[in-house]
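My notes follow the order in which I checked things.

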Amino acid sequence: MGIIEKIKEIEAEMARTQKNKATEYHLGQLKAKIAKLRTQLLEPPKGSSGAGDGFEVTKFGHGRVALIGFPSVGKSTLLTMLTGTHSEAASYEFTTLTCIPGIIHYNDTKIQLLDLPGIIEGASEGKGRGRQVIAVSKSSDIVLMVLDASKSEGHRQILTKELEAVGLRLNKRPPQIYFKKKKTGGISFNSTLSLTHVDEKLCYQILHEYKIHNAEVLFREDATVDDLIDVIEGNRKYMKCIYVYNKIDVIGIDDVDKLARQPNSVVISCNLKLNLDRLLAKMWEAMGLVRVYTKPQGQQPDFSDPVVLSADRGGCTVEDFCNHIHRNLIKDVKYVLVWGISARHYPQHCGLGHVLQDEDVVQIVKKKEREDGGGRGRFKSHSTAPARIRGVHGPVRSGFNIKI
């Protein structure tokens, strides 16, 4: 029996099992088994060569956005309108067969937009080259899930389920669970608050399913069984997702208003070029890019080429800003002067831990280099020769015994 058949068998058993207090331990073990099998499904087969046929392209710009959706929902048209890159669009499905990159120039930054082939139900199991498509989306900063506004809401649920099956968690934050394996000492289970979904016995059973018998587990929030399994697996990626509803020109205004009021959702029309500016603003807000401008000492700030930072790509502190310019610059920094939203007054003397905000201006003040070999002023010595001292019988070089 293959891995896919085992997963389907366990899912059928979970569907048959009633959910109550007596069966929660059994359901927790079944969820752990499915998570292990899906992890094995993502691993390359044994004995295969390392390189495979994928869609990966070279990273470029200050951020990466992936377009995911069913076939013929308008992904290629959206890429062409936002970037100017030609991507073939037709009235039949699976027009795009490979990854097509484009560049969005927005707010003095360059954002890479990837047009991926359409995925279908069962993509997490390998149907329609779904694994390669989802693997590229994992390397992106955010995901734009393009949906057809005239179709049912079930398409969004199917895509979310397929992405979660391969370890992508959309619009979720990592669970506040501390987990660490140990060599000895057994399992230590603690929590900082009362738990309603997981107890000590269920945690032990899930850990034993992974053959972990020595570990330390600390719950800092009322997490579920799925959150605990995600922490144990350790290969989950938490990403932001924007649901883009295209083709709003074929539905009524009431339906458009209902879709637009959903969280993390934007309604557009590529045919009539409606609301594309709102989509770019929403995408910029979700990526959280921070533009920092440099100011040389005694000169005007340079607003032409900003340094772009991000919390997901290294951080937004002054130290991250210095490392972005040069990794050895941090050794010579004395302090920095900051103008902008993050400063309390202009300019503000800041240290390396100061968090920068968008459109801040930074001037770096470096330490002054001192010459070696002496003090300051008239007592400064420029010679590297040994010092002379005066004895009773005249000047004597230091290092010799003085006889009187």
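**Entry 1: the chain**

I note at the start that this is a predicted model. I counted secondary structure and got ten helices and 17 strands for the protein chain. The chain has 404 residues, and 41% of them are buried. I then looked at contacts between residues at least 6 apart in sequence; 63% of these join residues at least 24 apart.

**Entry 2: the largest pocket**

I looked for empty space next. Rolling a probe the size of a water molecule over the atoms shows where such space is left. The largest pocket came out at a volume of about 680 Å³. It is lined by 26 residues, and those closest to its centre are R38, E164, A165, R169 and D226.

What is the make-up of the lining of the largest pocket: how many residues are nonpolar, polar and charged? I found 13 charged residues, ten nonpolar and three polar.

I then asked which helix gives the most to the lining of the largest pocket. The answer is α2, with six residues. The helices that each supply at least two residues of this lining are α1 (3–16), α2 (24–42), α5 (154–165) and α7 (225–233).

I also checked the lining against the domain assignment. Domain 1 (3–43 + 175–233) and domain 2 (63–172 + 237–286) each contribute at least three residues to the lining of the largest pocket.

**Entry 3: the cavity**

I searched for cavities of 30 Å³ or more and the structure holds one. The largest cavity has a volume of about 40 Å³. I listed its lining as H62, D141, M287, L289, S310, D312 and R313. By class, this lining has three charged residues, two polar and two nonpolar.

**Entry 4: the cysteines**

How many disulfides does a search of the whole structure find? I got zero.

I looked up the burial of two cysteines, C322 and C350. Is C322 buried or exposed? C322 has 0% relative accessibility, so I wrote it down as buried, the cut-off being under 20%. C350 has a relative accessible area of 6%, so it is buried by the same cut-off.

How values were computed:
Residues numbered from 1 in each chain as written. Predicted model: local features only at pLDDT ≥ 70, side-chain atom pairs only at ≥ 80, totals over all residues. Heavy atoms only, no water. 1 Å grid on protein atoms, 1.4 Å probe; cavity = no way out; pocket = protein on both sides within 12 Å on 5 of 7 lines; lining within 4 Å. Points joined across faces, edges and corners; volume = space filled by probe spheres on them. Nonpolar A, V, L, I, M, F, W, Y, C, P; charged D, E, K, R; others polar. Disulfide = S-S within 2.5 Å. Buried < 20%, exposed > 50% of the residue type's maximum accessible area, 1.4 Å probe, protein only. Helix = DSSP H or I, 4+ residues; strand = E, 2+ residues; numbered from the N terminus. Domains from an automatic or database assignment. Contact = heavy atoms within 4.5 Å.
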